[in-house]
Amino acid sequence: MSCVPEFEALGDRRSAAARYVRMAAAVAAAGGLLFGYDTGIIASALIFVTQSFSLTTGGQEWVAAALNIGAIFGAVLSGPVSDRFGRRPAVMMAAGVFILASFGCGLAPGVGTLIFARLWLGVAIGATTQIVPVYVAELAPAERRGGLVSLFQLVFSLGLLSAFFVGYELSGMRECWRPMFMLGAVPAVFLGVGMMFLPESPRWLLHNGQEKRAVAILYRLRGHCDAVRRELDDVLAVDRAEAGGDWRELGQGWMRPALVVALGIAALSQLSGPNVIVYYAPIILSQAGLGHSAALLTSVSVGVTSTVTTAMGILLIDRVGRRRMMLVMLPFAALSLFVLGAIFLSSAPIAGVRMVLMTASLLGYIFFNFGSLSVAVWLVGSEVFPLAVRSRAMGLASATVWLADTIVSLVTLSLVNALGATGTFWLFGAVNVVSFLFVWRYVPETAGSSLEEIETSLREGTFRPVR
């Protein structure tokens, strides 16, 4: 297919196109801010919610877990919506649900209403974790796709940090949990309004027979007719080979390697323990004898380290490659947890050299795990599936992330009680070793390959690691 003559006459506009792609990715990545803010704010808000409604332990668990449960459903159900109406309208709908649910949480007259509103918050967050990575992956050129999609994880870390600061600033006010929840509507408004000015995915348009509109958008995204022509030819050639695009497509044998890779990384990104450190490090360290203030300071250091590491991962993931980054960094993540566990073998107070070693190994784990699995999880799932099922399959991968996160959240403190801090850290260290072996055995390198080249390798049976 040739580029429309009116665009050929415009010549080379690749610099402007690159800026436009960056802007589109940055606006869409605000979905990660919703994810991070509401993940972090519950830690501050739950204390005051408990006081307002005299919650039992069971009530606290339901308030906290409602978001994760809703996210599982949102991730799965948003796939068909995204395929039917388009990526852009689906993101805007999720932002609208998030705004309403944020105010629903803040104005809740009772705990039942609060839990119901948080379920819908989860639906919106689950939807954004499915749609936004797919949307950005379909907009981005192959050579920059990794960094642009991974902006989602960076903004998640920034949302987490902002939640810590908001919780600190508002704590102590009368029913301060209400404005904590309602402030979550701010990034949702930014996302919803910003998406009004962004284009639809050209791949979705081509798949739905809107070729002229797709060409115009692709020219704005690529800035040169040669690049547009090559991409159109690739997308249309693959699109002609595809059938329907319903759930049954995922059961075909040629697609199984993509399912194994995406769902495996999705599960291991949580089972390897990053949220154990984010959520529970202060509690675990306090129980092990570290003072409360020192434990809280450590958690802030964890938040800062995760943000810096994710930014580093974004800069490197297209240059180094997804597979290589995980293979290089995961052994060090495992080693950090093994060292951390060994520090707690002694019941003596943590001080001096042990304090330095404890902090170094804790932050080392965050550096090496967040810089590998956490950076790759949303990226790999958004790029390994064929266009016809990409949205549904990414929803399944996103739901796997949320399900694994829920399981880890529910069992971590029980593990600490049963195994102690040492046994718990060593167990998650072993999962990081398993993650390394999984990547080495099943995950091929996708950096630099177009989405259509990845799909062709699946169809030809060559989607496998080169060792």
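This note goes through the predicted model point by point.

1. **Ground rules.** This is a predicted model, in which local features need pLDDT of at least 70, side-chain atom pairs count only at pLDDT 80 or more, and totals for chains, interfaces and linings use all residues. Residues are numbered from 1 along each chain as its sequence is written, and side-chain values use heavy atoms, with hydrogens and water left out.

2. **Confidence.** Start with pLDDT, the predictor's confidence in each residue, from 0 to 100. The protein chain has a mean pLDDT of 84. In that chain, 90% of the residues reach 70 or more. Helix H1 (residues 5-8) has the lowest confidence, at a mean of 58. Helix H5 (residues 87-106) has the highest, at 95. Where pLDDT is low, the predicted coordinates should not be read in detail.

3. **Overall make-up.** The protein chain has 19 helices and zero strands. Both are DSSP runs, numbered from the N terminus: helices are H or I with at least four residues, strands are E with at least two. Of the 467 residues in the protein chain, 57% are buried. Buried means under 20% relative accessible area, exposed means over 50%, and partly exposed lies in between (1.4 Å probe, protein chains only). Now look at contacts, meaning heavy atoms within 4.5 Å. Take those in the protein chain between residues at least 6 apart in sequence: 84% join residues at least 24 apart.

4. **Helices H2 and H6.** Two packed helices are described by the angle between their axes and the distance between the axes. Helix H2 (residues 14-28) packs with helix H6 (residues 111-139) at about 175 degrees, and their axes are 10 Å apart. Axes are lines fitted to C-alpha atoms, for helices over the stretch in contact, and angles run from 0 to 180 degrees between N-to-C directions. H2 and H6 are therefore roughly antiparallel. The cut-offs are under 35 degrees for roughly parallel, over 145 for roughly antiparallel, 65 to 115 for roughly perpendicular, and oblique for the rest.

5. **What meets at that contact?** H2 brings Ala 24, Ala 25 and Ala 28. H6 brings Val 132, Tyr 135, Val 136 and Leu 139. By class, this contact has seven nonpolar, no polar and no charged residues. Ala, Val, Leu, Ile, Met, Phe, Trp, Tyr, Cys and Pro count as nonpolar; Asp, Glu, Lys and Arg count as charged; the others, Gly among them, count as polar.

6. **Val 149.** This residue sits in helix H7 (residues 145-170). Val 149 is buried, at a relative accessible area of 2%. Val 149 touches Pro 133, Val 136, Ala 137, Trp 378, Leu 379 and Ser 382, leaving out residues up to four places away in sequence.

7. **Aromatic pairs.** The structure holds twelve of them. Rings of Phe, Tyr and Trp (its six-membered ring) pair if their centres lie within 6.5 Å; planes under 30 degrees apart count as stacked, over 60 as edge-to-face, and the rest as tilted. Phe 35 and Trp 402 make a tilted pair, 4.9 Å centre to centre with 50 degrees between the planes. Phe 35 lies in helix H3 (residues 30-53) and Trp 402 in helix H18, so the pair ties together parts 367 residues apart in sequence. Both Phe 35 and Trp 402 are buried. Phe 35, Phe 152, Phe 156, Trp 378 and Trp 402 form one aromatic cluster.

8. Ser 435 is found in helix H18 (residues 390-442). Ser 435 is buried, with a relative accessible area of 1%. Beyond residues up to four places away in sequence, Ser 435 touches Leu 268, Ser 272, Leu 330 and Leu 373. Thr 422 also lies in helix H18. Thr 422 counts as buried at 11% relative accessibility. Leaving aside neighbours within four places in sequence, Thr 422 contacts Gly 341, Phe 344 and Leu 345.

9. **Two loop residues.** Ser 54 is in the loop between H3 and helix H4 (57-85). Is Ser 54 buried or exposed? Ser 54 counts as exposed, at 61% relative accessibility. Its phi is near 50 degrees, a positive value in a residue other than glycine. Trp 254 is in the loop between helix H12 (225-241) and helix H13 (256-271). Trp 254 and Arg 459 are 205 residues apart in sequence, but 5.8 Å apart in space, C-alpha to C-alpha.
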